[in-house]
Amino acid sequence: MDLVFVTREGCGLCEKAERALWTLGIPYVRRDVDQDPGLFRLYTFRVPVLLLGEAVLLEGAFGEKELLALVARWQESKGGEA
């Protein structure tokens, strides 16, 4: 799963979401919304955003609870596989 975490420097919600990703050991690529014009156009007021390809999985305030629910849904859709 190639997740992209769209963030902004100095964003408290982004810092909380990133701590949750680290805590749960979820691998991701970090992208700064202010350094990418395409991401800025799409997500400037929506950060933090977690993407899978172009699909938005989570946005705004999220933490461990929301990430665990996302992982559970993903595993369920794969027939219980890890």
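Residues are numbered from 1 along each chain as its sequence is written, and side-chain values use heavy atoms, without hydrogens or water. Because the model is predicted, local features need pLDDT of at least 70 and side-chain atom pairs count only at pLDDT 80 or more, whereas totals for chains, interfaces and linings use all residues.

Helices (H or I, at least four residues) and strands (E, at least two) are DSSP runs, numbered from the N terminus. An open sheet of four strands is found, in the order β2-β1-β3-β4 and with mixed pairing; two strands are taken to pair if DSSP finds at least two bridges between them. The edges are formed by β2 (29-32) and β4 (55-59), each with a single partner strand, so one side of each lacks a neighbour in the sheet. On average, neighbouring strands of this sheet are turned by 30° against each other, direction ignored.

Strand β1 (residues 3-7) runs antiparallel to strand β3 (residues 49-52), to which it is joined by four bridges. With β2, strand β1 pairs in the parallel sense, also over four bridges. Val4 stands opposite Leu51 in β3 and opposite Val29 in β2. Five of the five residues of β1 are buried, so the strand is largely enclosed by the rest of the structure; buried means under 20% relative accessible area, exposed over 50%, and partly exposed in between (1.4 Å probe, protein chains only). Leu3, Phe5 and Thr7 point one way from β1, and Val4 and Val6 point the other way.

Two packed helices are described by the angle between their axes and the distance between the axes. Helix α1 (residues 12-24) and helix α3 (residues 64-77) pack at an angle of about 55°, with axes 9 Å apart. Axes are lines fitted to C-alpha atoms, for helices over the stretch in contact, and angles run from 0 to 180 degrees between N-to-C directions. This angle makes α1 oblique to α3, given that angles under 35 degrees count as roughly parallel, over 145 as roughly antiparallel, 65 to 115 as roughly perpendicular and the rest as oblique. Ala17, Ala20, Leu21, Thr23 and Leu24 in α1 meet Glu64, Leu67 and Leu68 in α3, where contact means heavy atoms within 4.5 Å.

Helix α3 also lies across β3 and β4, running at about 145° to β4.
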